[in-house]
Amino acid sequence: MDDDVREAIREHGIRNALLTSIAPTGTISLYAGNVSSGIEPVFAYAYTRKVLQKDGSRTEEEVVDYAVQMWRELKGDAPLPDYFVNAQTLSPADHVKMQAAAQKWIDSSISKTINCPRTSPLMPSRTSTCRPGTPAAKAAPPIAPTM
């Protein structure tokens with residue numbers, strides 16, 4: 001927080017003290033033009049998503065990560081650099097390291113998903129406490145990306 005805000009809080013106190021949170025943004029980001037998935041790595045560079053329509057029917061729409069789309073527009077079919085990662089290529093330990101780095105700036109909570117392969121040595125559970133250096137996993141069936 002800026003110094004003037006800190007000083008005002010010291011002088012007057014604060015109500016509703018939780019100012020910053022990172023909420024789940026995977027699906028929500030699609031409504032904003034797929035520009036950010038928050039603290040989560042992108043699920044996949046491209047995949048097909050089934051979308052429920054008003055009349056109850058379903059359509060299939062391709063979702064392409066915004067950064068990958070921009071890379072393709074600039075570089076064509078050139079291979080993606082190593083710093084492009086997705087939920088399938090980022091290790092569980094790196095997920096936790098990323099969350100730990102962001103937590104310094106968050107005064108309430110971070111909602112975080114860690115996708116693990118079926119062969120992961122981690123013990124799956126429905127809820128886990130994530131601390132740097134502590135294995136954590138969310139049990140979910142794997143979904144294969146299309147790219």
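**View 1. Hairpin of strand 1 and strand 2 in a predicted model.** Strand 1 and strand 2 form a hairpin, with 5 residues between them. In the turn, G56 has a positive phi of about 95 degrees. The strands run antiparallel: 7 bridges join strand 1 (residues 46-52) to strand 2 (residues 58-64). Pairing requires at least two DSSP bridges between two strands. Y47 stands opposite V63 in strand 2. In a regular strand, side chains alternate between the two faces of the sheet.

**View 2. Helix 4 and its buried residues.** Helix 4 covers residues 92-103. At 1.5 Å a residue, its 12 residues should span 16 Å, and the end C-alpha atoms are 17 Å apart, which agrees. The expected span is 1.5 Å times one less than the number of residues. H95, V96, Q99 and A102 are buried in helix 4 (under 20% relative accessible area, 1.4 Å probe, protein chains only). They cover an arc of only 125 degrees around the axis, which puts them on the same side of helix 4. The arc is taken from the directions from the helix axis to the C-beta atoms.

View 3. Buried residues make up 22% of the 147 residues.

**Notes.** Residues are numbered from 1 along each chain as its sequence is written, and side-chain values use heavy atoms, leaving out hydrogens and water. In this predicted model, local features need pLDDT of at least 70 and side-chain atom pairs count only at pLDDT 80 or more, while totals for chains, interfaces and linings use all residues.

How values were computed: Buried < 20%, exposed > 50% of the residue type's maximum accessible area, 1.4 Å probe, protein only. Helix = DSSP H or I, 4+ residues; strand = E, 2+ residues; numbered from the N terminus.
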